[in-house]
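The sequence and structure come first.

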Amino acid sequence: MKRPTRTEARNARAAFGFLLPFLAVFLLCFIAPIGYAIYQSLLKVERPAPLGIGGPTNEVWAGLSNYSHALEDERFINGFGRVLLFGIVQVPVMLVFATALALLLDAASARWVGFFRTAFFLPYGIPGVIASILWGFLYVPGISPLVEIADSAGWQVDFLGRDAVLWSIANIVTWQFTGYNMLVLIAQLKAIPGDLYEAARIDGASAWQIVRHVKLPLIKPALVLTTVFSIIGTLQLFAEPMVLRPLGTSIDSGYTPNLHAYNEAFTSNNQHIAAAEAVLLALVACVLSFGFLKLVGRGPRDGRDGK
Amino acid sequence: MSQQPPLRHRIITLSLLSVAAIYFLVPVYWLTVSATKDTGDLFGTFGFWFANPHPVDYLHDVLTYDDGIYVTWMLNSLLYAGVGALAATLLSAAAGYALAKFVFRGREAIFNVILAGVLIPGTALALPLYLLFSEVGLANTYWAVLVPSVVSPFGVYLCRIYASAAVPDSLLEAARIDGAGETRIFGTVVLRLMSPALVTVFLFQFVHIWNNFFLPLVMLNDSDLYPIQLGLVGWQGYADRAPELYQYTVGGAFMSVIPLMVLMGVLQRYWRTGLAEGSVKT
Amino acid sequence: MSPRGPGRRAVVGAAAAAAGAALAGCGDDGHEVRERRKGEKITLNFWSWVPGIENPVALWNEHHPEVRINLEKVSAVGGAQYAKMHAAVKAGDAPDLAQIEYSVVPSFLLDNALVDLSAYGGDRYRSRFVGWQWQQSVYGRSVYAIPQDSGPMGLFLRQDLFDEWRIRTPRTWAEYADAARAVRKHGAWIETFSATNGNRFAALAWQAGGRWFGTRGDTWTVAIDDAPSLRVADFWSRLVDDELIKTIPDRQNAWYKDIQTGDIVSWLGASWGDALLTGNAPDTAGKWRAASLPQWKRGENAQANWGGSTTAVFTDCTYPRDALAFAVWLNSAPEAVQLLIKGGYGFPSAVSGYSTADLEGRREFFGGQHYSRIFIEAGKAVDTSWKWGPTVDTLYQRLGDAFLEAIGDGTAFRSVLRKVQGETIEDLKDKGLKVEAGQSSASG
């Protein structure tokens, strides 16, 4: 590498000036707490006083014992299995749904596009907890008009039953985020120059062939992006099971890893174990996301086109 | 042959879109209907139809309950989301521009670290962040929610993609030769060129902050500082002692959806100039 | 000598130890405890979630310009308020005072978060409060919180349906099981066993004579699976097996619906449940009555408590004497108690300053019955020797998880208690505590 020229040095200084505000807050709000969480996960408390009352609470070195404690916790591990199953089913379903809607909107006549796009995107503007309260009313037998309608059609459904509840949560997530993903995909579709379609049409390609051979390949970067975000979102599943938990008898305190970590920290006040679980969760999220990017053969940087 | 696809296709497309719209709107419809019911009717009548509706009275009750705390929450939400998203957009624009248009050592490393920030679960950050903020006296203040909200790793990602495509190097060079300072170039030329991406970043970050439950849950104690959804969950949590709160929760949820609808309606036309547009423009 | 308060990580024990720790702990993270000088103006932060609490606080501020109370209403969703208090204690900026439930007092003692009020003469207010409620916050020789309210239990029932079906109000649990069968014959249910309602299960075990937590010397004792508790578990296990009760969660949407429609015709609830029934099933007004809890032995009078809070002073408080004065005033001064009752908190812990009529704002709903008398009597007969342990919230969660599992796969509830017993012992160990299974030595 050659020595930096004067322009490059000036460049670096300017770049640093533009980066600084973001990096400062990023360090404070992301890096520092992560470091703190890792540090916390390596400690435990001792309360040597009689009954643990009226004496010091000492934070002592715990090595990896919090990690082994977390990994030996059956409920915590089961939670991982559950969100993985959830992700394998829900993420593809949602993205296929979002892609279909994006393509349909792309093909529909202009007059209605605005209405539909707003309608599909609207749920994204409803906070997860509110969405869950809302769907909760639509799930609970005896109140839900959906159950009532299904009943009168002779179809017995229990949305909050043991086998169904995971998919009821999946529905809430799909409902909330399909529109968001659709929007990202539409943005990419809009970027495809019209003459590309024109050329394909002149070549005699059918609408389906255009979708298959022109549109889908072109929105692949956006699909990769939304997949990664969906995987991360799945692993962080929290608000929906937390809100639905009291409504039924199928969701336990460790239903998702995030819920488990939350309850360790916030119900049981075991911050050290919770910190270890949070670190494990972040690790799994990183491994899965980067694994997926490797699988589709793109580093995250390659999402940046046009160079 | 005209540009219009055949009628049959249009009908199929329209009906598929309509079915999807029903799926997305039914819960919103339920919310609208339920906002006109009192607690008894909420549990006792068919959810998809009105029963003895008094929407004005009930929504008035929501607004005035507990000395109008709901209005405070609404304003707080607007403050957190509005100010937070605005700051986040500016910070992301600057950082994304720097990463796209300047060559310096460690650029990719910094970018990768920022991207990895997207992967960290909220619960992992919330409690340590709370403890850190408590040390500096920021916990339980507006800043406790605002400061973390101005970080948008995703925004940086989008801005970098967009800037690298939509801001021509030649333009920057020309401006530099004219003797314009870097800040001035950014302020006048770059921000304008990036504006479609900035609208997108603003919109997404606004919704992100608006929807964020975990951060305010951990950071705030004083209900005067709550954003809307934290307040509503609080109402629901206490509804077993004060049942009218069920009605207020539903009514409050209904009204909380309105600002987002307005925002989306207003920003609708900007979506057309999508965020990825620039990426193939070069 | 004037009592010296401890630093953040210091001692809440005897005064001598506290003084020593204050000296040692008043470093950069310690803090000062002071007596307020005459005329000095101070502000105390107070966290609470009682509806209407702002009224008595405003009244206090009106009359005590020197000791201003700054109320912060906190959200009590899923116990998050305690997590915040624990975190604030850890960060060294806990409030001066806070509302905490009886059952979590020990968990705060583990963090050395509560001021030993006995050191400030707190004991002399004992007579102003119901004995067993005062006792709930006594650990060792010290009292750590001033009782605010409680939830003596009773049986709410749809008298009209019971009469129509010629079912007598059950006096014993055996009669209760019979009544469950009879109600079921009419297509309705007597009750639901809510797996996740650990509070109520604990209360029923308490009534039966269970003693889940205790101490033996410097060691905590845990006996979730003691004989009385197993008896309660077996009783409900059988009702569930025989499909005589539902297993939906109580006080949730589906339950409210059942209460409205008469699908569920009674509820083992607490004194504060009147507001809940009135608000959620307004169309059933006049049809409900309250009765005493069924007994395990005919003619006995064993009662139970579900819920209830205290006002505690935190060790970060610089002026504990003034904080204590406010806590006592809030919970025992007639004008404050009246305002709290109006706001709709639980059953007053104060023994005087209100009349039974004040507690019966909803008499028409109960067909004119003087229903508060049931709860006043119940409150007098709650066994005072029940103690809470330091991991009660975790315990409720474990009970909930285990009951969910048991209901799902049909195992007997007995196994739930055995399992949770083992888990709870591990939980206490994880907290760095000495623990063993079995009854406390001072049981009785």
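## Contact between chains A and B

The contact takes in 83 residues of chain A and 84 residues of chain B. Two residues are in contact here if their C-beta atoms, placed from the backbone, lie within 7 Å. On the side of chain A that touches chain B, helix H1 of chain A (residues 6-41) gives the most, with 19 residues. Sorted by class, that side of chain A has 60 nonpolar, 16 polar and 7 charged residues. Ala, Val, Leu, Ile, Met, Phe, Trp, Tyr, Cys and Pro count as nonpolar, Asp, Glu, Lys and Arg as charged, and the others, Gly among them, as polar.

## Basis of the report

This is a predicted model, in which local features need pLDDT of at least 70, side-chain atom pairs count only at pLDDT 80 or more, and totals for chains, interfaces and linings use all residues. Residues are numbered from 1 along each chain as its sequence is written, while chains are lettered from A and ligands numbered from 1 in the order in which they are written.

## Helices H5 and H7 of chain A

In chain A, the axes of helix H5 (residues 128-139) and helix H7 (residues 165-190) come within 10 Å and cross at roughly 130°. Axes are lines fitted to C-alpha atoms, for helices over the stretch in contact, and angles run from 0 to 180 degrees between N-to-C directions.

H5(A) contributes A:Gly128, A:Ala131, A:Ser132, A:Trp135 and A:Tyr139 to the contact, and H7(A) contributes A:Ser168, A:Ile172 and A:Gln176. By class, this contact of H5(A) with H7(A) has 4 nonpolar, 4 polar and no charged residues.

## Chain C

Chain C has 16 helices and 13 strands. Helices (H or I, at least four residues) and strands (E, at least two) are DSSP runs, numbered from the N terminus.

An automatic or database domain assignment gives chain C domain 1 (15-150 + 307-359) and domain 2 (151-305 + 369-437). The C-alpha centres of these two domains of chain C lie 29 Å apart. In chain C, 21 residues of domain 1 are in contact with 23 residues of domain 2. H4(C) gives the most to the side of domain 1 that touches domain 2, with 4 residues. That side of domain 1 of chain C has 10 nonpolar, 11 polar and no charged residues.
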